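Here's a quick tour of a protein chain, starting with the overall build and ending at a pair of strands. Have the viewer open and follow along.

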Amino acid sequence: MKVRTRFAPSPTGYMHIGNLRTALYEYLIAKSAGGDFLLRIEDTDQKRYVEGATDIIYATLKRVGMDWDEGPDIGGNYGPYIQSERKSIYGEYAHKLVELGGAHYCFCSKEEADGQKDDVQNMKFNDPCKHIPLEEAKKRVAAGEPYVIRQTIYKTGKSKYHDEVYGDIEIDYDELDEGVLLKSDGLPTYNFANVVDDHLMQITHVVRGNEYISSTPKYNLIYEDFGWEHPHYVHVPPVMKDAQHKLSKRNGDASFQDLVAKGYLPEAVINYIALLGWNPGTDQEIFSLDDLKKCFSVERLNKSPAIFDITKLTWMNGCYIRALPAAGFHKLALPYYEKTLTRKVNLEYLSQVLQPRVETLGDIPGQIDFIENVLDYTPELYNNKKMKTDAAVAGNTLAEARKVLENVSDWDNDSLFAALKNAAEQLGVKNGQILYPLRIALSGKETTPGGATEIASVLGREETLRRIDDALAKL
RNA sequence: GGUCCCAUCGUCUAAUGGUUAGGACACCACCCUUUCACGGUGGUAAUAUGGGUUCGAAUCCCGUUGGGAUCACCA
């Protein structure tokens with residue numbers, strides 16, 4: 001049988017990292033087996049619906065290359081793929097489940113149901129409507145009395161099922177809540193919709209957060225009552241912000257789009273989150289989506305929560321940036337240049353210098369701030385123990401450097417460096433004694449991306465000489 | 001509170017009864033070097049705890065502790 005998985009988010013806002021990772025695992029389980037990955041929108045809670053949220057879902061999945069085979073926008077043989085458009089289907093099945101004995105009509109108000117739960121010792125709702133004879137309940141429904149359909153749990157003893165990650169799970173039927181399946185507005189709850197849809201859409205592997213482990217027996221009961229076979233279950237541990245808290249948008253934790261806005265590459269984010277809870281069994285850490293499709297396996301999924309470590313993601317992002325072709329990096333860096341630079345400098349060369357030095361694109365502005373204007377500094381900046389320089393040395397070598405640089409014919413790093421190295425030899429000083437002061441003069445910074453001659457290459461002859469003059473005046 | 005789940009360096013993880021407990025990030029040192037970064041080499045650092053089982057336990061069993069989840073007309 002063809003493997004089919006689904007990503008079934010509810011459109012309630014931004015795409016957070018935990019969600020994206022679940023989608024990734026669903027995608028990989030399908031694709032590593034040559035199966036189908038589908039997208040289903042779970043919008044049965046009209047109160048939580050956020051305008052534009054589905055667009056973010058589409059855009060994110062597309063951006064990372066997780067193409068879906070069936071979904072609201074592209075259709076498929078098992079549609080519609082938006083739950084609010086499937087209302088009549090759920091109604092039909094819910095009433096059928098009542099006939100089958102797996103559910104019953106309940107006329108209690110929300111308040112009545114809640115009121116019963118005050119007892120801390122027994123949180124379980126004991127529904128009086130469960131005992132209303134079906135014929136009588138049907139009459140009340142027909143008479144227009146408001147109702148919900150609740151699951152009826154008649155079994156006793158232990159329920160058992162197998163989870164691909166957690167192994168065999170055993171829960172007493174006594175623990176199971178007879179939850180609402182069809183709300184008074186006629187829409188289903190997740191508890192019902194997911195079962196009906198997963199069956200109707202022929203989903204073979206249900207992948208979801210491990211908070212569903214203990215309610216899965218309820219869903220299995222519904223499958224059984226309908227005479228359906230239940231799917232394989234793959235419950236995955238949460239992605240944490242720290243040891244105690246899940247990563248969540250509500251706490252302002254980074255979403256996928258936040259990370260991209262900060263200059264993380266989508267490919268790096270996907271690579272990183274794939275490894276939060278899964279490992280290939282080898283030392284390989286860099287994986288493209290295609291690589292992952294080839295070697296992913298549910299057996300290597302982890303049981304315990306993983307803390308999202310932005311530091312490691314940052315490192316990995318740096319790997320991706322360095323692996324970019326030069327032109328590719330330049331294209332990504334350009335918008336950042338445009339935001340911070342008005343001076344006309346050698347941007348191609350700047351990119352070349354910057355590429356091995358940035359870990360996220362967001363690092364760029366901080367690296368190139370001196371290009372616009374020399375940063376404020378005092379002559380003490382020229383003091384450098386290792387280079388054996390101070391303001392006096394700088395005054396001399398800068399003047400020499402200026403003379404040499406004036407006569408350099410090809411304004412590129414190699415020529416500039418050769419010329420200054422030669423000058424240092426002539427003067428009988430260390431390279432650093434001429435290059436370090438030059439860096440300060442050109443940038444006003446102790447550390448810069450690239451050496452003094454690289455900065456000079458970026459700035460160009462005119463600006464370089466002008467900055468040296470300014471520095472000499474300052475000394 | 002009942003029930004379920006989880007537990008290896010600070011973090012992500014490997015080791016499915018026999019390893020000097022391995023790798024990666026971070027951190028530190030050294031090398032390379034026109035600073036920084038990249039790259040290279042090396043280092044610090046872990047089996048929560050108490051009992052079993054076994055010739056032998058990170059690994060299997062039980063208890064303890066710690067953490068998480070769940071008990072909605074949310075998903």
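## Overall build

This is a predicted model, and its chain A carries 19 helices and 11 strands. The radius of gyration of chain A comes out at 32 Å, while the globule rule gives 23 Å for 475 residues, so chain A is more spread out than a compact globule. You can see that in the C-alpha trace too: along its principal axes chain A spans about 105 × 45 × 40 Å.

## Contacts and burial

Take the contacts in chain A between residues at least 6 apart in sequence, and 73% of them join residues at least 24 apart.

## Surface and charge

Chain A exposes about 22,600 Å², with carbon and sulfur atoms supplying 49% of that area. As for charge, chain A has 56 positive and 70 negative ones, and their mean positions sit 3 Å apart.

## A closer look at strand S3

Now zoom in on strand S3, residues 103–106. Ala103 and Tyr105 point one way from this strand, and His104 and Cys106 point the other way.

Which strand pairs with S3, and in what sense? The partner is strand S4, residues 148–151, and the two run antiparallel over four bridges. Within this pairing, Tyr105 stands opposite Ile149 in S4.

Conventions. Residues numbered from 1 in each chain as written. Chains lettered and ligands numbered in written order. Predicted model: local features only at pLDDT ≥ 70, side-chain atom pairs only at ≥ 80, totals over all residues. Heavy atoms only, no water. Rg over C-alpha atoms; globule rule 2.2 N^0.38 Å. Contact = heavy atoms within 4.5 Å. Areas by Shrake-Rupley, 256 points an atom, 1.4 Å probe, with all protein chains shown as cover. Lys, Arg positive; Asp, Glu negative; His and termini not counted. Charge placed at Lys NZ, Arg CZ, Asp CG, Glu CD. Buried < 20%, exposed > 50% of the residue type's maximum accessible area, 1.4 Å probe, protein only. Pairing = 2+ DSSP bridges.
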